[in-house]
Amino acid sequence: MPEGWSWCRLRDLLNVCSSKRVLQSDWKNEGIPFYRAREIVKLSENDFVENDLFISKEHYLELEKNYGIPQSGDLMVSGVGTIGKVYIVKPEDQFYYKDASVLCFENRNKMLVSKFAKILLESSFVQLQMRENSKGTTVDTITISAAMNYLCIVPPQNEQVRIVAAVQQAIVKVNEIQFNKDNLHSTITILKSKILDLAIRGKLVPQDPNDEPASVLLERIRAEKEELIKHGKIKRDKKESVIFKGDDNSYYEKVGNNVNCIDEKIPFELPEGWAFIRLNTAWELISGRDLSPSEYNDKNDGIPYIIGASNFKNGHISLVRWTPVPQVITRRGDLLLTCKGTIGEIAHNNFGEAHIARQIMAIRNIYSLNVDFLALCIEYSMTKIKQAAKGLIPGISREDILNLVIPIPPTKEQENICNKLKVTFSAIEHIEKSLN
């Protein structure tokens, strides 16, 4: 303990008391504000609260005359639930408070500067005593007897004043740092969105006119499909989509024998050598199926069971359930997407076979396109995907995903874009980690 400081109990410094009980039948819609713990918590955090409850002026004056009311410099402390939040009564304040829910720490002997008393009561040293001595059965509660016995440490009054000034200066600096940190987080979010936008439009890496154009890649995919159809491995899709640009610079889609202008579905102009396709042109979609609790376990028995968004974290899957009776299988290389409840979580399957629940879709790469680039396309389309959600528990359909219009760059450029983004986002993530 520093020279000139003293140990004492809280009862030596402040008088802890409660209010006279005010019946609910005496609550009014206007008059003198009546505070519960929730209002004191709000006042302690921002010095402002919208009053919900009141008592009449006559009732307030009667309480003031017979029992006393909080005075300027007293400390109002939330005593139930969120305990230990402190508000200093101002000279202009006029209110009453709920018994047991709020305690008044009367500062009438002025041994403590009120602002220092607030610092003392909100210190981890005193807050720990509050929590350890709370007597609530279902919620934390501060009792008068427990509060009076809190162990405290007291500096001389002049030093209390200096401590208050130093703390206030530190808080200003901390708030400034937090404000700048929040601004930087916001800037990073905007930056990542802008980089993604540039990538998906073909403006992140330079175009190479020697790259094989996407149209050749798509012709190769169509030839592969014809071979699979010929050997009976897949059926011909009578609604297969072909998107092309007409001589009038408008975009058209041919489905069967029908050709329609789809300019309103085209999000931006493409660089030379790129093409638009529907997602279902080159990708297969596997919908999940739920298992009953008896069909899965947490003992690593079987293959992983991916149940929903709770398994997704920062683009990775956490494995916590397994099933020996899988029915719908995702495999390594699939892109996993949550489609019900929490929509839009994305993760790569880099762990192998797993069963997926109904809340998840697996987008399968069947024609050796770049799965990382597809993930960028899905992320870019996320606002549109979420807007398509329907139902009390929001969900998206297979068609919402299969019918997405996505850009396809030349194969080499897909790889270059993804490599550039990995380097760029790695640097941004390093900044984010340093902020945290």
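Biologist: How many cavities of 30 Å³ or more does the count come to?
Modeller: The count comes to one cavity of 30 Å³ or more, where a cavity is a set of points on a 1 Å grid over the protein atoms alone at which a 1.4 Å probe fits but cannot get out. This is a predicted model, in which local features need pLDDT of at least 70 and side-chain atom pairs count only at pLDDT 80 or more, while totals for chains, interfaces and linings use all residues. Residues are numbered from 1 along each chain as its sequence is written, and side-chain values use heavy atoms, leaving out hydrogens and water.

Biologist: What volume does the largest cavity have?
Modeller: Its volume is about 40 Å³, taken as the space filled by probe spheres set on the grid points, which are joined across faces, edges and corners.

Biologist: And which residues line it?
Modeller: The lining, meaning residues with an atom within 4 Å of a point, consists of W283, L369, N370, F373, L374, C377, I406, I408 and Q414. Helix α8 gives the most, with three residues.

Biologist: Switching topic, at what angle do α6 and α8 pack?
Modeller: Helix α6 (residues 157-200) and helix α8 (residues 371-380) pack at about 120°, with their axes, which are lines fitted to C-alpha atoms over the stretch in contact, 10 Å apart.

Biologist: Which residues meet there?
Modeller: From α6, L196, D197 and I200 meet F373, L376, C377, E379 and Y380 of α8, with contact meaning heavy atoms within 4.5 Å.

Note on methods:
Axes fitted to C-alpha atoms, helices over the stretch in contact; angles between N-to-C directions. Helix = DSSP H or I, 4+ residues; strand = E, 2+ residues; numbered from the N terminus. 1 Å grid on protein atoms, 1.4 Å probe; cavity = no way out; pocket = protein on both sides within 12 Å on 5 of 7 lines; lining within 4 Å.
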